[in-house]
Amino acid sequence: MKYKRLGFIVAFCFVSWLVLALVIFSDNLAKKGDVETRKGSLLKYIKELELQISQQEQTYKLLVEKLKKLTPRPENVVQPIELKLISDREPTTLSVAIRQDVLQEKSLILPVLVFSCNRPDIRRSLDGLLKYRPDAKKFPIIVSQDCAHGATAKVIRSYSDASQVTYIQQPDQSEPIVPPGEAKFKGYFKIARHYLFGLKQIFRTFNYTAVIIVEDDLDVAPDFFSYFASTYQLLKNDPTLWCVSAWNDNGKATLVDMQQGNELLYRSDFFPGLGWMITKQLWDELEPKWPKSYWDDWMRRPEQRKDRACIRPEISRTRTFGKIGVSNGMFFDKHLKYIKLNEMPVDFSKQNLSHMVQTAYDADYIRLVYSLPVVSASDVRTNTNLPFDGPVRITYHTKDTFKNAAKLLGLMDDFKSGVPRTGYHGIVSVFLNGRRVYLAPHSNWKGYDLTWS
């Protein structure tokens, strides 16, 4: 009986050992199989990633080649843009790197067209342009005079005789036909007619491919020419742009970043004027329908703008000293005379401006603005009850709420064809009390309400 019991114990231990060994062996096999499976899956995933990367590289190359073919080649101005693949935040983002050495391009010619009438003070404007002009051949100055004002003509001729400027005169000095009730606005009809004459001379007679337009009451910043020469590439190659302006309508010293803002540029749906650049291609579009009067407001209408934007600076590169004029000094004492002219020159030829291309700019700009905390205009004005020292957003829902906020902050509060001054997608950017502030429409806003105009 004893041996029988011992036999049972031995048999039980042997069976238990076999079962345990089988369990351990099976578990190891399972783990090994799991590792092999995961290893196989990982290798497969890596191969798929490599294939995707290869496909993306081929796609990028095709896009670059197509874009090069679609890019119009200037007749005699600038060499084609250099395209590079730029990884901004997402590796799949394709950006256009704009060549910024245009100031050194021997073939670059950007004429400056100065519109003049009866202001002998044009000497101040011409002296400023000549002082900062880096190259007379690259930036020829053409003065077009209307009004046949003798004293002004004498001043212009003194520069013409010295071969510093080219002098042309508007031949049509007849009185324009003005609709009933608009006799007091006759000057605006003459200005529109003069602009038509001057721009036709630039693009049809002189056959330039672009022009920088100023008037006889503007001071220019030291980097005026660098700014326009460098942004020319953007204007020429981004179809969502139609002008570059040197002017910020809200460019008072109290509303811009005077310490670090001299390099900042923005896209704007508002046509600013007061020192601006267009191409011959745009003039081909505008000339056949050029208006009889109020040309600047006409430019701001949606049928002309066609959802295109202008480039404008944080700190203006022009400043007006013309209190007396056709507009009788409208806005001058309250606003225009306080516009700050940039005094810290920027060599824009060394700036990479590819972030200003719409596809890159819109995504970053709108995402940034609508990620900011919402505050009230009154709190921003008093600099109280604000969450932190960083940028903030003020929301508006109607024209009236925008105007109320703009008045509190000292901004220009008017709309033209439904667009607030300096606005881009309805967003107006200012710098107040040491912080960036955005006046932005509510997030469900779908577009400009043209009844605001």
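Some ground rules before the details. Residues are numbered from 1 along each chain as its sequence is written, and side-chain values use heavy atoms, with hydrogens and water left out. Since this is a predicted model, local features need pLDDT of at least 70 and side-chain atom pairs count only at pLDDT 80 or more, while totals for chains, interfaces and linings use all residues.

Confidence comes next. pLDDT is the predictor's confidence in each residue, from 0 to 100. The chain has a mean of 82, and 72% of its residues reach 70 or more. Over residues 29-35 pLDDT stays under 50, and the model has zero contacts there beyond four places in sequence; a contact means heavy atoms within 4.5 Å. Residues 41-64 also stay under 50, with nine such contacts.

Now the overall build. The chain has eleven helices and 15 strands; these are DSSP runs, H or I of at least four residues for helices and E of at least two for strands, numbered from the N terminus. Of the 453 residues, 48% are buried, where buried means under 20% relative accessible area, exposed over 50%, and partly exposed in between, with a 1.4 Å probe and protein chains only.

On to the cores. A nonpolar core is a set of buried Ala, Val, Leu, Ile, Met, Phe, Trp, Tyr and Cys residues joined through side-chain atoms within 4.5 Å. The largest one has 51 residues, and Leu126 is among those with the most contacts inside it. Helix H5, residues 224-237, supplies the largest share of this core, eight residues. Apart from it lies another core of 26 residues, including Phe197 and Trp295.

How many disulfides does the structure hold? There are two, a disulfide being a pair of cysteine sulfur atoms within 2.5 Å. Cys117 and Cys147 form one, with sulfur atoms 1.6 Å apart. Its S-S torsion is about -90°, so this disulfide is left-handed. Cys117 is partly exposed at 23%, and Cys147 is partly exposed at 32%.

The other joins Cys243 to Cys310, S to S 1.9 Å. Here the torsion is about 115°, so the disulfide is right-handed. Cys243 lies in strand E6 and Cys310 in strand E9, so the pair ties together parts 67 residues apart in sequence. Cys243 is buried at 1% relative accessibility, and Cys310 is buried at 1%.

Strand E9 also holds Pro313, which is buried at 0%. Beyond four places in sequence, Pro313 touches residues including Tyr227, Ser245 and Trp247.
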